[in-house]
Amino acid sequence: MANMRHMQWSDLPPELITDIAERLGLLEVMRFRSVCQSWNSASSSTMSAKIESVLKYEIWFLHYGYDSAGQCQLVTAENGNITMNLPELDESTTCIGSYQGWLLMFKQGGSMFFFRPFSKTKIDLPKFPNSELTNHVAAFSSPPTSADGTVCVLSRSTSNDDELELYLLRRGCNEWNQQHKLNIPRSSIDTIKCAAYSKAREFYFLDHGDNLLTLSVTPNQEIRWRTSKVVDTIDNSPGTFHPRPKYFEKADMMNKLGLADHHEDVSFTVCGTQTEHHGVDKFIYNEIYEKISNHDEESKSQQRKFKGVWIHPTLNQISPKEQSW
């Protein structure tokens with residue numbers, strides 16, 4: 001007995017860890033992976049298979065930014081809630097884009113980075129030209145590990161209400177492209193509630209009405225844009241999509257988060273995402289959901305402010321050489 005070696009949990013054989021993980025449910029294996037690095041590595045393939053097979057078309061909701069230590073609450077489609085410790089998503093961060101399991105995060109002061117909550121992968125980007133967010137929305141053409149990805153950020157000019165300001169960042173560049181000013185008045189497109197990248201290889205920006213701004217930002221070509229009206233159709237041709245405004249309320253998310261009976265006034269700033277079903281894109285809009293007892297300015301100033309994002313759960317392995325811009 002005196003010679004008995006005390007084995008750590010992290011010393012368990014990888015094949016035994018994988019066998020245990022395969023017997024767990026989806027949420028259990030997520031908790032399992034958070035124990036230590038060896039358990040995380042050994043169960044990655046199991047986690048990926050469970051997500052891809054069970055949740056191919058579903059999206060989850062991540063409630064973040066309410067805790068200085070980065071505690072977050074994940075609401076899954078059918079398997080309940082799970083608490084995650086994500087210090088990267090603290091109170092100073094705001095998500096401005098969500099696509100294929102990646103979040104595009106803005107940090108007060110102008111720092112920006114991509115983050116993948118399920119693998120905790122972070123990819124830093126060059127500092128954004130603006131130090132604070134106003135009405136910025138963003139979309140990216142592909143995961144940040146792709147060779148030819150493009151990030152597109154758009155906002156209404158604070159000095160000229162008839163202009164939109166466009167910022168672009170292409171994969172591998174160490175600074176944002178100079179600001180492009182687009183002469184597009186509010187009568188053509190109002191406050192933008194949705195930003196996405198379509199199968200037609202164009203960026204789409206939609207307002208709260210039925211106006212659509214389409215941007216083509218092909219490398220080495222002049223930026224082209226056009227405005228049109230949204231037509232929700234069942235056709236599955238390239239560029240077809242289904243808009244989904246007010247998804248937070250329709251999904252009864254306040255109740256699922258345990259905030260429906262909250263006695264305080266609350267405001268929820270939600271970043272949308274895009275997913276697909278049977279080959280057709282579904283665009284989930286950005287929105288601000290408010291629960292207030294009185295609609296006066298004093299009540300609004302006393303609201304508890306929360307943040308959330310819709311995210312498509314995916315978990316491919318990311319090699320170290322891919323974890324840089």
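Which residues are linked with Arg186 in a network of salt bridges? Asp161 and Asp190 are. A salt bridge here is a side-chain nitrogen of Lys or Arg within 4 Å of a carboxyl oxygen of Asp or Glu.

Some ground rules. This is a predicted model, where local features need pLDDT of at least 70 and side-chain atom pairs count only at pLDDT 80 or more, while totals for chains, interfaces and linings use all residues. Residues are numbered from 1 along each chain as its sequence is written, and side-chain values use heavy atoms, with hydrogens and water left out.

Arg186 and Asp190 meet through their side chains at 2.8 Å, N to O. Arg186 is partly exposed at 31% relative accessible area. Asp190 is partly exposed too, at 25%. The scale: buried is under 20% relative accessible area, exposed is over 50%, and partly exposed lies in between (1.4 Å probe, protein chains only).

The whole structure has seven salt bridges. One of them joins Lys107 and Asp90, at 3.5 Å, N to O. Lys107 lies in strand β5 and Asp90 in the loop between β3 and β4, so this pair ties together parts 17 residues apart in sequence. Strands are DSSP runs of E, at least two residues, numbered from the N terminus. Asp90 is buried at 16%. Lys107 is partly exposed at 28%.

Next pair. Glu165 and Lys181 form a salt bridge at 3.3 Å, N to O. Glu165 sits in β10 and Lys181 in β11, 16 residues apart. Glu165 is buried at 11%, and Lys181 is partly exposed at 46%.

β9 and β10 are joined by seven. Within that pairing, Thr150 stands opposite Arg170 of β10.

A further open sheet runs β12-β13-β14-β15, again with antiparallel pairing. Its edge strands are β12 and β15. Between β13 and β14 there are four bridges. Tyr204 has Thr214, in β14, as its bridge partner.

Last, the lining of the largest pocket. It holds 28 residues; Thr94, Thr134, His136, Thr269 and Ile288 lie nearest the pocket centre. A pocket, on a 1 Å grid over the protein atoms alone, is an open set of points where a 1.4 Å probe fits, with protein on both sides within 12 Å along at least five of seven lines; lining residues have an atom within 4 Å of a point. β12 is among the strands that each supply at least two lining residues.

Terms used
Pairing = 2+ DSSP bridges.
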